[in-house]
Amino acid sequence: MKLIARDVAVGYNADKPIQRFVNFSVQSGEVCCILGPNGCGKTTLVKSILGINPLLSGSITLDGSDITQWSAARISQDVAYVAQRHSQPFPFEVKDVVMLGRLAKTKSASGRPTRRDYNIVENALKEMGIWHLRDVPYVDISGGELQMVMFARALAQEPNLLIMDEPTAALDYGNAVRVIEKVREMAKAGYAVMMITHNPDHAFMTGANVALFMRNRNMVFGSAYEVITRANIQDAYGVNVKLVEFVHDNDEVMRMCAPEFGGHSEKGN
């Protein structure tokens, strides 16, 4: 499975797009991190992929087919989405919320969950470490726990492409690490993962390709090591960083961004 965006422009006004000339791809077995400052069009791009907002120009294809022409039902067969914010209007139990991820996939003629659906939901709850919350009304759990529930629901959907909008924003450190670890595992298992994040380190941690939206010029796309440079971070965010490398016990080389406090450029003022 491969998603390709070609010369995409997104926004709400054709005469003044938020972002233009967006070109990137993500395929099975890969992670693509979407980085950039607030208001640069990251979430707007995702909404265009999901068919919520129309494209202003360009094309987005999934395995060669124009995804912007797909129905919501067809998109749900291949794409799962974990939003940045969630509403909790009804006191469904956590396991029932996760079961909603099976709606597009259940094989039951009656539309009721099958034993396989229940098994998939149970496994998703266990994988995300929230099995103990399965019978709790999801209006009674914390924001961080809710995010883990939404991730479990996406896993239960068994998507080919998983799109996440700042998936660790509401999580404590432990759960944030678990989510990043799960992203790594999903890519190794053959999923395509697209993740909006404000943390460049996530791209290094997941071995991602990066689509970096800039302030005053076209986006940059490539591997994390190619795109996340001192110059590009300064251009995108208006801050100075140093790139630090260290080696794990398993000989995996990891790179991280360390901010240079007091080193804001003129663009950040």
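Is Glu158 buried, partly exposed or exposed? I looked it up and found Glu158 partly exposed, with a relative accessible area of 30%. I take buried as under 20% relative accessible area, exposed as over 50%, and partly exposed as in between, with a 1.4 Å probe and protein chains only.

**Ground rules**

I am working on a predicted model, where local features need pLDDT of at least 70, side-chain atom pairs count only at pLDDT 80 or more, and totals for chains, interfaces and linings use all residues. Residues are numbered from 1 along each chain as its sequence is written, and side-chain values use heavy atoms, with hydrogens and water left out.

**Two glutamates with positive phi**

I stayed with Glu158. Its phi is near 50°, a positive value in a residue other than glycine. Glu158 sits in the loop between α5 and β7. Helices here are DSSP runs of H or I with at least four residues, strands are runs of E with at least two, and both are numbered from the N terminus.

Then I checked Glu166. It is not a glycine either, yet its phi is positive, about 50°. I placed Glu166 in the loop between β7 and α6 (173-188). Glu166 counts as buried, at 15% relative accessibility.

**The sheet**

Next I traced the strand order. I found an open sheet of 6 strands, ordered β6-β7-β8-β3-β9-β10, with mixed pairing. Two strands pair if DSSP finds at least two bridges between them. The edges are β6 (79-82) and β10 (220-223), each pairing on one side only. From one strand to the next, the twist averages 15°.

β6 pairs with β7 (residues 161-165) in the parallel sense, over 4 bridges. Val82 stands opposite Met164 in β7. Helix α5 (residues 143-156) packs on the sheet and touches β6 and β7. The direction of α5 makes about 180° with that of β6. Such angles run from 0 to 180 degrees between N-to-C directions, with axes as lines fitted to C-alpha atoms, for helices over the stretch in contact. Contact means heavy atoms within 4.5 Å.

**A hairpin**

I moved on to β11 (residues 241-247) and β12 (residues 253-259). They run antiparallel and are joined by 7 bridges. Val241 has Pro259 in β12 as its bridge partner. The hairpin has 5 residues between the strands, and Asp251 takes a positive phi near 70° there.

**Helix α1**

How many of the 8 residues of α1 are buried? I noted 6 in helix α1 (residues 42-49), so the helix is largely enclosed by the rest of the structure. The buried ones are Lys42, Thr44, Leu45, Val46, Ser48 and Ile49. Gly51 follows α1 and has a positive phi, near 85°.

**Cysteines**

I looked for disulfides, taking a pair of cysteine sulfur atoms within 2.5 Å as one. The count came to 0. Cys32 counts as buried at 1% relative accessibility. Cys40 is buried too, with a relative accessible area of 7%.

**Rings**

I counted 3 aromatic pairs. Rings of Phe, Tyr and Trp (its six-membered ring) pair if their centres lie within 6.5 Å; planes under 30 degrees apart count as stacked, over 60 as edge-to-face, and the rest as tilted. One of the pairs is Phe24 with Phe221, tilted, at 6.4 Å centre to centre and 55° between the planes. Phe24 lies in β2 (residues 19-27) and Phe221 in β10, so the pair ties together parts that are 197 residues apart in sequence. Phe24 is buried at 3% relative accessible area, whereas Phe221 is partly exposed at 33%.

I also noted Phe90 with Phe92, a tilted pair at 5.8 Å centre to centre and 50° between the planes. Phe92 is partly exposed, with a relative accessible area of 39%.

Last, I checked charges over rings. One counts if NZ of Lys or CZ of Arg is within 6 Å of the ring centre and within 35 degrees of the ring normal. Arg74 lies over the face of Trp70, 3.9 Å from the ring centre. Lys126 has its charged end over the ring of Trp131, 5.1 Å from the centre.
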